[in-house]
Number of protein chains: 2
Amino acid sequence: MNIQYSTAAQNIGSSVVREILKVTQGSDVISLAGGLPAEELFPVEAVRAAYNQVLSGNGSALQYGITEGFTPLREQIAGRLARQGIPVNMDEIMLTTGSQQAIDLICRILLDPGDVVLVETPTYLAALQSLNFYRANIHTVDHDSEGMLPEDLEEKLRRLKPKLLYTVPTFNNPSGATWSTERRQQIVQLCQRYGTLILEDNPYGELRFTSEPGSIPPTLAAIDRNSNKEHCVIYTGTFSKIVAPALRTGWIAATPELVRMVAKAKQTADLHSSAIDQRALHQLLRTFDIEQHIASVSREYHSRMKLLSQELLAQGMEGLRFREPLGGMFLWLTLPAEIDTTKLLPLAMEQGVAFVPGEVFYPSHPEKNTMRLNFTHTPPQLVQEGVQRLMRAIVQWRELETAIL
Amino acid sequence: MNIQYSTAAQNIGSSVVREILKVTQGSDVISLAGGLPAEELFPVEAVRAAYNQVLSGNGSALQYGITEGFTPLREQIAGRLARQGIPVNMDEIMLTTGSQQAIDLICRILLDPGDVVLVETPTYLAALQSLNFYRANIHTVDHDSEGMLPEDLEEKLRRLKPKLLYTVPTFNNPSGATWSTERRQQIVQLCQRYGTLILEDNPYGELRFTSEPGSIPPTLAAIDRNSNKEHCVIYTGTFSKIVAPALRTGWIAATPELVRMVAKAKQTADLHSSAIDQRALHQLLRTFDIEQHIASVSREYHSRMKLLSQELLAQGMEGLRFREPLGGMFLWLTLPAEIDTTKLLPLAMEQGVAFVPGEVFYPSHPEKNTMRLNFTHTPPQLVQEGVQRLMRAIVQWRELETAIL
């Protein structure tokens, strides 16, 4: 049958990352491409005990729930956010199927085709996919190492009247970058002044490689909520990286009005997310020291990041540049300008290593000599070999290029 | 902040059913309004054992999964569908967050604003909400007690060139009606001939009140798949009614091409549904006799339907009409023409009984003297009292009407 798909559906690309993952799964390829947490660090036993406890009562744990999510878990999340400097009430929290659904639902309630959305570059690939699906008119804001440039932002707020600014300002995926405190304050103030909503996507913010007070800037949501202006930040987080992804539980923190609107949209989308997973997480948070767990996972990720960084530096490759991230899961490489990493990828796969070409993280005008490396999922004993394979691929690519010239 | 919501978001109404549920929860109101299964029949212990087993291994059960869903569960579903007369392969199955998400994703990939969709009346409220969200141009097809009328359907297929026909042909929500076998064949043949997709929504089809072979007609999907024509039926089902709703696991069965497109849409929507719930269901299907469980739940629901039916008949109310459904969860009442059930509802709530006014299940031209009663969730010992309260409300309504005249 010849099916006429919707205009939006025709706009959906498949995720390059997921395509690479499919190829590398089960093969000998050392994948630095995925965005997976280390599964050997998941608190499996505590999760098992939590489900066991939740399912030891009567059948009510298995009944339909409310669209906004299991109330006691919403209360716990509000409590954690308050302790993290974001004062919110339970009715300002709504549960979603991972933070990906939070992005989708926010797009759903805000965007008509052609509406302007501002992003930084590079930015989260699946957010770009959602924005494209809703046919947003995506514009980028210039930045330096501290974050978006206020002058450029203000010019675009004034001229383009965007509906939304989307950002991952802390341990960015893919760049690993973290905005400075001053820049955060400026960006929030500007958006408050121009009445533009910010979607602050913060899936990695708790994976910190330093515990020194003040070393990690406050969230945009904290700055926004602690000001006396009308709130402009919608905040989204997830248990995927601090507990486990399979439970697909994320949250949105926003004003009660926005939460009500998102709930109406979610009702048509799927009625509600898994209530049993929400109850299990609620039980887990009561009995398991999640803060201690996050600290321990973060220490391990820090050491894995250091290992990758050292192996990269040990290659002594001229023109190779990167900054060690302060947290999160990704390290962003800039290679000499002539190297197009999309073209490099097939050679790297032949050598037995995978990465994500930087190009896919730009809505337009990509910096083609960049790549994203993940350091959380690859077993540490394979990292040296992975980096060496990558270097061999680069050497091979140069030989081929020279041959063509 | 003055937020400009998307046109689609402005089109979302809140579900009347969910609003009624909110009011009745925790009160003394006997609710015949909800669409909830009986939670005392959920196989809690078997579900607990399944999670326990899945979480007794290493962390891989908690890792990200693929968008299409946990492959072994997709295989089991394909196997069950094949045994139910719908020959499909694993790659024609995709898992969703309940069948509500299946409806949403199908709308997402097919509908541009203004596209025509055909429905029967009355029809599933949350499907109407999805269709409205995607700004479909909804048209109704005339019907009699056997289902849609082929003549009217053909005229509309020819004239309106619809993208989709949406139907719940078996134990319909809200009407309880079941299309005849002949009518099913005619409808499928017409849609095959005109190249129009059918979305067959079948959440209740396994809750049968008779085990006599041939007494329940084959699904549209079975008729479609067993013909030698190009397939036009997209089929959706769910574990919500045959295991439990909290796991939010439904499925789509469609051609591999459609499944690929739905998967791309789902990737932007939420990456994937809860993988731990999918693994638990897979484990449950291996160790628990689900067919026996469904038979036992169906017997209980049959007896509850009979009880409600008898209590209604016992009132001897003139002009009260209904048909006992052959399965499912709902009984559809037609009252004397002068009774507007939307206006009756507040009086009924005062008397301490809730129902859903029939009006909400029509995209236009509602039959206002109808209502949906659920018989699965109310404890049997309260049914008589519930029906008597309903009758008192009707008497009261008539007195008020007479007073106004």
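Two strands count as paired if DSSP finds at least two bridges between them. Keep that in mind for the first stop. The model on screen is predicted.

**Stop 1: strand 7 of chain A**

Select residues 116-119 and 164-167 of chain A. These are strand 3 and strand 7, and they pair in the parallel sense over 3 bridges. Within this pairing, A:Val119 has A:Tyr166 of strand 7 as its bridge partner.

Show the side chains of strand 7. In a regular strand the side chains alternate between the two faces of the sheet. Which residues of strand 7 lie on one side, and which on the other? A:Leu164 and A:Tyr166 are on one side, with A:Leu165 and A:Thr167 on the other. All four of these residues are buried, and both faces of the strand are covered.

**Stop 2: a loop residue of chain A**

Select A:Pro218, in the loop between strand 8 and helix 9 (220-225) of chain A. Is A:Pro218 buried or partly exposed? Its relative accessible area is 33%, so A:Pro218 is partly exposed. Not counting residues up to four places away in sequence, A:Pro218 touches A:Thr181, A:Arg184 and A:Ile223. Select A:Ile86 as well: A:Pro218 and A:Ile86 are 132 residues apart in sequence, but their C-alpha atoms are 9.2 Å apart in space.

**Stop 3: helix 14 of chain A**

Move to residues 383-404 of chain A, which make up helix 14. Helix 14 has 22 residues, and from its first C-alpha to its last it reaches 32 Å. That is close to the 32 Å expected at 1.5 Å a residue.

Colour the buried residues of this helix; among them are A:Val383, A:Arg389, A:Met391 and A:Trp397. What covers the buried residues of helix 14? The cover includes helix 12 (290-314), helix 13 (341-351) and strand 14 (370-374) of chain A.

**Stop 4: a sheet in chain B**

Switch to chain B and find the open sheet of 3 strands with the order 11-14-13 and antiparallel pairing. Its edge strands are strand 11 (330-334) and strand 13 (356-357), each of which pairs on one side only. Strand 11 and strand 14 (residues 370-374) of chain B pair in the antiparallel sense over 5 bridges. Select B:Trp332 to see B:Arg372 of strand 14 opposite.

Next, show residues 290-314 of chain B, which are helix 12. This helix packs on the sheet and touches strand 11 and strand 14 of chain B. The direction of helix 12 makes about 20° with that of strand 11.

**Stop 5: a glutamine in chain B**

Select B:Gln283, in helix 11 (residues 275-287) of chain B. Why does B:Gln283 count as buried? Its relative accessibility is 12%, and buried means under 20%. Leaving aside neighbours within four places in sequence, B:Gln283 is in contact with B:Ala50, B:Gln53 and B:Val54.

**Stop 6: where two helices from the two chains meet**

Finally, show helix 5 (residues 98-110) of chain A with helix 10 (residues 256-270) of chain B. They pack at an angle of about 95°, with their axes 5 Å apart. The angle makes helix 5 of chain A roughly perpendicular to helix 10 of chain B. Chain A contributes A:Gln100, A:Gln101 and A:Asp104 to the contact, while chain B contributes B:Gln267, B:Thr268, B:Ala269 and B:Asp270. By class, the contact has 1 nonpolar, 4 polar and 2 charged residues.

Note on methods: Residues are numbered from 1 along each chain as its sequence is written. Chains are lettered from A and ligands numbered from 1 in the order in which they are written. This is a predicted model: local features need pLDDT of at least 70, side-chain atom pairs count only at pLDDT 80 or more; totals for chains, interfaces and linings use all residues. Side-chain values use heavy atoms; hydrogens and water are left out. Axes are lines fitted to C-alpha atoms, for helices over the stretch in contact, and angles run from 0 to 180 degrees between N-to-C directions. Helices (H or I, at least four residues) and strands (E, at least two) are DSSP runs, numbered from the N terminus. Angles under 35 degrees count as roughly parallel, over 145 as roughly antiparallel, 65 to 115 as roughly perpendicular and the rest as oblique. Contact means heavy atoms within 4.5 Å. Ala, Val, Leu, Ile, Met, Phe, Trp, Tyr, Cys and Pro count as nonpolar, Asp, Glu, Lys and Arg as charged, and the others, Gly among them, as polar. The expected span of a helix is 1.5 Å times one less than its number of residues. Buried means under 20% relative accessible area, exposed over 50%, partly exposed in between (1.4 Å probe, protein chains only).
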